[in-house]
Amino acid sequence: MLVNLSVRNFALVKNLDISLDPGLTVITGESGAGKTILLQALSLVLGSRARKEQTRPGEQQCEVLAEFDITTAPVALSYLEKNELADSSEPTRCLIRRVARIDGRSRAWINGVQVTNDILRTLSEPLVALHGQFEQTRMVDKGVQLEWFDDFGVDDELRLQVESRFARWRESLSELEKTRARLGVELSEISLIRYQVEELEELKLEEQEFERLNRHFKRASQAHEVRHAIGQSMEILDARIRSDLTSISKLVARIDDEHESLAEAKKLLESAHIQAEECSSYLSTYAESLALDERELEQIEIRLNSIYEMARKHKVAPAQLFEHVDHMQGQLNSLEASQGRLKQLEQTVESCRQEFFVAAENLRAQRKAQAPLFCEQVISTLAQAALADAQFELSFDDAVNAHGIDSIEYLVSTNASYPPMSMGRIASGGELSRIALAILVVVAQRSNLPCLVLDEADIGIGGVTADMVGRMLRSLAADNQVLCVTHAPQVAALGKSHLHVFKTNDQEIRVTRLKDSERIDEIARMVASRAVDDESRSYARTLLASARS
């Protein structure tokens, strides 16, 4: 429950501290006194969007502090412990502080630890339900209708499971679509690249094969000219050079002199004769190697032509073709890996989709099972609000979103002569207000929220009906703290605690807790809508006495 609310420099509030009690607390005051401003301050500390106009004129920032007793809020207790936000000295105490600056920026703390606004809103959900002055107008929204019905009859864990599985499904689908967009053009060419790789592999090109064949072919194609040149060279070498060397060696050998230079000349002549013989032998061996089979030469030429043709097809130099084969194979492997990744993503998407629908079907089954009880309790509560002839049904339709696979619409009739129809077609604002309040009461009884805040939920009703509504709220407050801003004296009289909101002469908002005697005058004011007199006080006493019965 909400224990204390402190407000500083918020709109017309300079400095305000309010302590709150369990049960039904009614909040009254003249129109424009600032009752709604208090609820706006509470909304801010619960995580609503900060606005610069919320800060009191002349100030740089506003501040709201809310203290909660979360003894009966196990979800909030668990959340604080899980996120290491619990007060170690008082685990059941939760202190939330929000500061908003005039530039629109804000900061929030939970038990002294600064947190994001998302964390603040997540924590606030199981602590307080705040329903605004025109909440009944939201009731025509199917999303709101589904949310309220789920609060009544659906397991929170199952709802969270459906929501998380839907998020995983959408995330995996988004990743798949992005991957498809990124690889789409390349993957469309995978068949062509695979064909090109297979074509290159059929060539079975070896490393340095082109260079080796090219050299062999050039030498073979010039064999006739080369053999002729070799023949002439050997003839000169054998017929002239070697013969002349022999003659010179014989002449020199006849000289009988031990001169050093002559000795060296003899050695060089002997060496030259040996080298000439070796040269002749090498030339002969080389000439024999040029004796190439014409058929073999033809095969080499065919092989080289195949290499040239493939190189032209792939727009690379013949000498680079072998490396190109590796490049194309690498590209194919990469594309095939991407294709495998796409298949994996497709399988993940399908798996996530199936997991979502399994959970969503379980959620649908639970909703269908709870629908009769929900309708029964709403109809019973409407009877207490002077709508004894009301009919109330749920219409289910298909819709796939984070809330499951259902769309729910409330169908209502306040006249037994007419079939139930959508709430948006109900003409009476007072009836719509009572229906919205009745549903709130039913939902709150099952959801066991520690605190329910209603801003003029009883708008448009009065008399006996207002008394019935007030008793509904008091009954609800037996297990939940209920704070109700009201203009109905019948409802105000039923409050366990009564807070009066007023403006000072300086236009500052003040809040005071009324004693019994003070309540008489305030309720008398609400009754009379003019200066309080003995008659209005008498009626106020009657209402208070009736409320105690």
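Q: Which residues does F392 touch, not counting residues up to four places away in sequence?
A: In this predicted model, F392 touches F374, C375, V378, I379, Y410, L411, V412 and I439. A contact here means heavy atoms within 4.5 Å.

Q: Which residues have the most contacts inside the largest nonpolar core?
A: They are F374, F392, L394, Y410, I439, L454 and L473, in a core of 56 residues. Helix α13 (residues 429-447) gives the most to this core, with 10 residues. Another core, of 49 residues, lies apart from it; A66, L77, L80 and C451 are among its members. As a general point, nonpolar side chains in soluble globular proteins tend to be buried together.

Q: Why is the pair of F152 and F374 called tilted?
A: The ring centres of F152 and F374 are 4.9 Å apart, and rings pair if their centres lie within 6.5 Å. Their planes stand at 55°. Stacked needs under 30 degrees and edge-to-face over 60, so the pair is tilted. The search of the whole structure finds 10 aromatic pairs.

Q: How do you know that the pair links distant parts of the chain?
A: F152 is in helix α5 (residues 142-153) and F374 is in helix α12, 222 residues apart. Both F152 and F374 also belong to one aromatic cluster, together with F149, F392 and Y410.

Q: What makes F152 and F374 buried or exposed?
A: F152 has a relative accessible area of 3%, and F374 has 0% relative accessibility. The cut-off for buried is under 20%, so F152 is buried and F374 is buried.

Q: What makes β2 and β7 edge strands?
A: The open sheet of 6 strands has the order β2-β1-β4-β5-β6-β7, with antiparallel pairing. β2 (13-19) and β7 (113-115) each pair on one side only. Neighbouring strands of this sheet are turned by 15° against each other on average, direction ignored.

Q: How do you know that β6 and β7 pair?
A: Strand β6 (residues 106-110) is joined to β7 by 3 bridges. At least two bridges are needed, so the two strands pair. One of the bridges has A108 with V115 as its partner in β7.

Q: What about β4 and β5, and β5 and β6: how many bridges does each pair have?
A: Strand β4 (residues 61-69) and β5 pair over 9 bridges, and D69 stands opposite R93 in β5. β5 and β6 pair over 5 bridges, and the partner of A100 in β6 is S106. The hairpin of β5 and β6 has 4 residues between the strands, and G104 takes a positive phi near 95° in this hairpin.

Q: Why is E84 called exposed, whereas N111 is called buried?
A: E84 has 70% relative accessibility and N111 has 18%. Exposed means over 50% and buried means under 20%, so E84 counts as exposed and N111 counts as buried. E84 is in the loop between α2 (74-82) and β5, and N111 is in the loop between β6 and β7. Phi is positive in E84, near 55°, and in N111, about 50°.

Methods. Residues are numbered from 1 along each chain as its sequence is written. This is a predicted model: local features need pLDDT of at least 70, side-chain atom pairs count only at pLDDT 80 or more; totals for chains, interfaces and linings use all residues. Side-chain values use heavy atoms; hydrogens and water are left out. Axes are lines fitted to C-alpha atoms, for helices over the stretch in contact, and angles run from 0 to 180 degrees between N-to-C directions. A nonpolar core is a set of buried Ala, Val, Leu, Ile, Met, Phe, Trp, Tyr and Cys residues joined through side-chain atoms within 4.5 Å. Buried means under 20% relative accessible area, exposed over 50%, partly exposed in between (1.4 Å probe, protein chains only). Rings of Phe, Tyr and Trp (its six-membered ring) pair if their centres lie within 6.5 Å; planes under 30 degrees apart count as stacked, over 60 as edge-to-face and the rest as tilted.
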